[in-house]
Amino acid sequence: MNKILLVDDEPNILLSLDFLFKKEGYQVLIARDGEEAMALIRDEIPDLIILDIMMPKVDGYEVCAFVKENYLKTKVVFLSAKSKEKDLQKGLALGADKYLTKPFSTKEIVAEVKKLLN
Amino acid sequence: MLSREVIISVTFGYLILLFAIAWYTERKGSPLKKWANHPWVYALSLAVYCTAWTFYGSVGRAAENGLDFLAIYVGPCLVAPLWWLVMRKIIRISKAMNISSIADFISSRYGKSANLGALVTIFCLFGILPYISIQIKGISNSLDIMQLTETPLAAGSFSVFSDSGFYLALGLALFTIFFGTRAIEATARHEGLVIAVVFESIVKLFAFLAIGIFVSFFLFDGLTDIFAQAKVADLSHLFVLSGENGVSDWFWMGLLSMMAVMFLPRQFQMGIIENTSEKHLDTAMWLFPLYLVLINVFVLPIALSGLMIFQNQPVLADTFVLAIPLKFGQEGLAVLGYLGGFAAATSMIIVSTISLSTMVSNNLLMPILVANGNFSKRFQSNLPGILIWGRRLTILAIILLSYFYFRILDTGSSLVSTGLISFVAIAQLSPSIIGGIFWKKASKSGATVGLILGMGIWGFTLILPTFASIGLVPKEILTDGLFGYSWLRPNSLFGMEGMSIVSHALFFSLFANILCFVAISFFAKQSSKELNQAVLFVDIFKYDQKLDTNIFWKGQAQFSALQSLLNTFLGEEKSTKSLSDFKLNYGKPFQNEGMADPEFVSFAQRILSGVIGVASARILVASVVKEEEISMDEVLNILKETQGIKSLNLELKSKTKALKKASEKLSEVNKALKLNDMLKDEFISTVTHEMKTPITSIRAFSEILQDENLNEDEKRRFLQIIIDETGRMTRLIDQVLDLERFDSGRQTLNWEKTDLKNLILESAESMEKVFLEKSLDFQIDCRFEKLYLLVDQDRIKQVLLNLLSNASKFAKSSVQLIAVEEDQMLSIAVADDGVGIPEEDLPYLFEKFFQAKNQTQKKPIGTGLGLAISKKIMEYHSGTIDVSTEPGKTVFQICIPLQQEALTPHPLRS
């Protein structure tokens, strides 16, 4: 069973993602900011992280860099409201496996995660 | 004993020497010609000021009145430093305008008036003729003394030998005609003449010094010896300054000679017309006074010696210079002295007659001839001949008149008094000249009336007594006054006594002259021509480079007509040359045919002025052109334009400066705009970002609801989330629009008398639930009872809720609300015990989405617009919002003024 870490400061977004991925049979972990996320990553080493960018304390870019440096197997999917081309480029340049923008399509995000984990 | 033949041959020999010098100087390539441009030559040529009066008369005056002979030399020495101011300006004007004499100068200044020029000419003739005559008399007398040494002569007794004086006069006339009227241009330089005059200046100085040294060191034992012996001989009154009266005389004599040294026609001729460089003034300013000092050093010693040597003998003191050497058998020295006196007299006669003849021909004869249209047309080609022969005949006439004047009208008056009378006459010119070059309002009518009155008084106070003394008018006038009015006595007008005759005359004539000149000028209206000339004269240093373009003239002239005028008076060669000079300086293509432009007309007039005088040139040019009277307004406009160029320049400069400032300001505004633009972009991107958050939730749950089979509980829960997020979205949109309306000033408030205490309690109550949920201690401290203020209660409530909600988000354990009235303010403070706000964030705290500064760090909680809107609301209430923070305590405080009546509610009303 694959472990998925959801990182976002918006409770309702976390709620929707949690519902979606649990239904698909994944083990779901939740963090509300970057700091919490990094702690969870160290402890649980998730297979995939769905990562917001703008968060209190530690932002998504930093978390991504931390993951790509230490946990090569862990996939990172950015999920952000920042939808400019240069934001996308920056995310991918940091080693993210996918960059999705908010608002997202539930079907799409599930499909992408499945693809990355197979 | 010198024979008559020796004297006569020495005299004529000297005259021939003068001819030779002048002739040699004017030869092509002569080295003397170059010398003529030397500053020393200029300074020495000014010594034409020293005439037979200086040479013989000073000694006579000193023998009679002591030191006061000096006054006439002190004036020039004192005024010399001022030449840089006065003479330089007159030189500049005269050169620029081709002025040929002092009459021309005055005529030109006052609207090129022919009448004024003629008037000045006549005055000068009256004033100078006796002066020239007295020089001839000086020569004649000295000739007599040299030949009849056994019985020194008294004045007025002439022997048969006096005819030689006549021949000498003729010789002088010949010399003057020969070297003074060679060129038709009266402004032309006479190098030969100048060198001859300078030679004479040296001769007279040398001769006088030689006799002075002989007397002081050979006859006596030095100067101290002379004065010591004179004291014994009871002559000390002659070398000690006399009392009060003497001092006032010194003043008037000094003033008189100051004017004379500049404006006597011969001084004007040498100082202005013959000047080749203004720089020569530098040298003249010290060398000329030095010359005066040197030539006066021995005057008093010779006078005192003469008085002691010829005690009780009928020897005229005027002749001491010759009589002393002769008495002691020094015939050679006597001849030298004689030649010195001769030189002094001849140089004066020559230069004076030249300047007078120029005046007569150019300012008297020519205006009359050219004003007569018929005559001028018929004889135009002959005019130059008439002009030059007019001058020659004038010279001859002046010298002969002077000769006969002294022969027939000789009054036995001394050299000095006759000279002084001339000085007073010439002094009458100075108000119009000095006023003319420094005062634009000086007018023709003022100058004319002043001159006539001055000369009238001159005639009355100085000439009438002379006539009376020889019986031409009844002597009673002197004692009883004119028509028996005692206040009209020539020597004491209005009963004024105690001044010397000359001082008295000078005082009254000059006073009346200046008074009329100034008063009439003040009230007179100048014609456009006058004003034009007045401006050019006074501001010559501004205009002299582009004179022709600054002469205001309107009309039409055929180029060919003007050219033929120039050809007639200058000759083909010179006229062609001056034409090419003009083209060279003209600066734009020159039309050789058809109508001449105003610049050329003015130029032609100026060139002709140098030949026939300013006024005649104007008349002559006017006869070939169709002149239109230029109106005063036009002159003033052109003047304004010309002078305006300077101010225009200034204006341009200041405009450039202003432009630069404006562009700087613009770039600043641009910067601000760009910043604004950036902020707006940032704002929009932040707003869209903020909106995406609720939309994301809404979309996600909507899709889940659509796709999944959910139980009722889940359905209701998810739908509630969608509803909440929609509400959040709506709030955000409302706030953004709110802020935008506040920013643009379009927000309207709903003003109502509201009880603030009630309002505070209501707000607090609605937050109580939140505090309870977060287990925060919440206290309200409202220190007043009912307080009604005119506010928008919803807005104030919005601010309070915003502050309380912020506090609830940051507080650790407690929140406090304190409301007080103080300093005419209602103050409401909301305090929490949270971590506090980082200092670097404080400046941006009330800016919308201030956390956008750090894009990747999402603001902790809220939309980020609350404080920005609160600040706007407080501003609209003429109130304030502030924050103070430290770890463990953050206080937001709003203030509303209590005296609202005094304040106009900010831009809006209800």
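Glu278(B) is buried, with a relative accessible area of 18%. The model examined here is a predicted one. In it, Glu278(B) pairs with Arg92(B) through a salt bridge, with N and O 2.5 Å apart. Glu278(B) sits in the loop between α13 (265-273) and α14 (280-296) of chain B, while Arg92(B) belongs to helix α6 (residues 86-97) of that chain, so the bridge ties together parts that are 186 residues apart in sequence.

Glu274(B) is buried, and its relative accessible area is 2%. What does Glu274(B) contact, once neighbours within four places in sequence are left aside? The partners are Ala188(B), Arg189(B), His190(B), Val194(B) and Gln269(B).

Across all chains, the salt bridges number 26. Are the two partners buried or partly exposed? Arg699(B) is partly exposed, at 33% relative accessible area. Glu703(B), by contrast, counts as buried, with a relative accessibility of 14%.

Helix α31 (residues 712-744) of chain B contains a further pair, Glu725(B) and Arg728(B). These two residues are three apart, about one turn of the helix. Their salt bridge has its closest N and O atoms 3.4 Å apart. Glu725(B) counts as buried, at 3% relative accessibility. Arg728(B) is partly exposed, with a relative accessible area of 23%. Elsewhere, salt bridges with shared partners link Lys23(A), Glu24(A), Lys114(A) and Glu708(B) into one network.

The contact between the two chains was examined next. Which residues of chain B and chain A meet in a salt bridge with an N to O distance of 3.6 Å? The side chains are those of Asp707(B) and Lys107(A). In total, three salt bridges are counted between chain B and chain A. Residue pairs in polar contact between chain B and chain A number seven, with both residues at pLDDT 80 or more. On the side of chain B that touches chain A, the elements giving two or more residues are α30 and α31 of chain B. The largest share of that side comes from α30(B), with 13 residues. By type, the residues on this side of chain B divide into 10 charged, eight polar and seven nonpolar.

The contact draws 26 residues from chain A and 25 residues from chain B. The size of an interface is often given as the accessible area lost when the parts come together. Chain B and chain A bury about 2,300 Å² between them. Of this area, 57% is on carbon and sulfur atoms.

Methods: Residues numbered from 1 in each chain as written. Chains lettered and ligands numbered in written order. Predicted model: local features only at pLDDT ≥ 70, side-chain atom pairs only at ≥ 80, totals over all residues. Heavy atoms only, no water. Salt bridge = Lys/Arg side-chain N within 4 Å of Asp/Glu carboxyl O. Helix = DSSP H or I, 4+ residues; strand = E, 2+ residues; numbered from the N terminus. Buried < 20%, exposed > 50% of the residue type's maximum accessible area, 1.4 Å probe, protein only. Contact = heavy atoms within 4.5 Å. Buried area = accessible area lost by both parts, 1.4 Å probe. Polar contact = N/O pair within 3.5 Å; in protein donor to acceptor, adjacent residues only side chain to side chain. Nonpolar A, V, L, I, M, F, W, Y, C, P; charged D, E, K, R; others polar.
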